[in-house]
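User: I have a model open and would like to go through a few of its features with you. Can we start?

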Amino acid sequence: MGLRIGALVVDSHDPGRLARFWAEALGWVISRDEDPEWVVEPAEGSREDCVVADLLFIKVPEPKAGKNRLHFDLRPEHQSAEVARLEGLGATRVDVGQGDEQAWVVMADPEGNEFCVQDAHSPQVRAEWLRRYGAYEPVFPGHAKPGDRVAAQPGRSPFQRQRRSVQSSVFDGLRVDDLCS
């Protein structure tokens with residue numbers, strides 16, 4: 001299939017403030033930093049690079065109104081420690097009618113966009129996730145084949161994210177340098 005999610009777009013009053021919050025919260029990088037659009041994405045060459053959708057913060061004049069129709073569910077290793085860290089970054093706990101018996105904590109970013117911090121996975125599920133996550137090996141330029149992802153070019157800063165030209169071979173009609181752009 002030739003369709004993938006390139007970015008999740010978040011309307012915001014101050015896109016820079018939200019981009020900085022989410023970059024710090026997720027350990028990602030800001031790859032575009034000028035109004036009206038700021039982009040936050042996984043670091044180039046990371047396991048999430050070109051797999052997880054970027055976050056695009058767009059400046060809009062109107063304030064947020066009502067509960068989000070879409071929100072992030074975050075899964076930390078230690079829920080209480082992560083909630084405290086996110087509060088230190090400017091997130092707040094909010095009540096959207098979830099009740100007191102839930103295993104997750106509902107929070108809002110600095111502009112009031114709700115997100116959930118889930119409880120940690122069970123040890124068995126976490127062990128399987130870590131096994132799969134640890135088995136990932138990036139493909140290095142010059143060794144790509146169909147279906148492989150392309151690793152970052154050495155020496156390129158994640159802040160200088162541009163269309164990559166790691167090689168010009170064509171596989172099944174798709175250029176390798178088109179995979180992550």
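User: Where is the place of L18?

Analyst: L18 sits in helix α1, residues 15-26, where helices (H or I, at least four residues) and strands (E, at least two) are DSSP runs numbered from the N terminus. This is a predicted model, in which local features need pLDDT of at least 70 and side-chain atom pairs count only at pLDDT 80 or more, while totals for chains, interfaces and linings use all residues. Residues are numbered from 1 along each chain as its sequence is written, and side-chain values use heavy atoms, with hydrogens and water left out.

User: Why does L18 count as buried?

Analyst: Because its relative accessibility is 0%; buried means under 20% relative accessible area, exposed over 50%, and partly exposed in between (1.4 Å probe, protein chains only).

User: And what does L18 touch?

Analyst: Leaving aside residues up to four places away in sequence, L18 touches V10, S12, F57, D109, P110, E111 and N113, a contact being heavy atoms within 4.5 Å.

User: Switching to the sheet, what's the strand order?

Analyst: The order is β5-β8-β7-β6, in an open sheet of 4 strands with mixed pairing, and two strands pair if DSSP finds at least two bridges between them. The edge strands, each pairing on one side only, are β5 (72-74) and β6 (92-93).

User: How many bridges join β5 and β8?

Analyst: β5 pairs with β8 (residues 114-117) over 3 bridges in the parallel sense, and D73 stands opposite C116 in β8.
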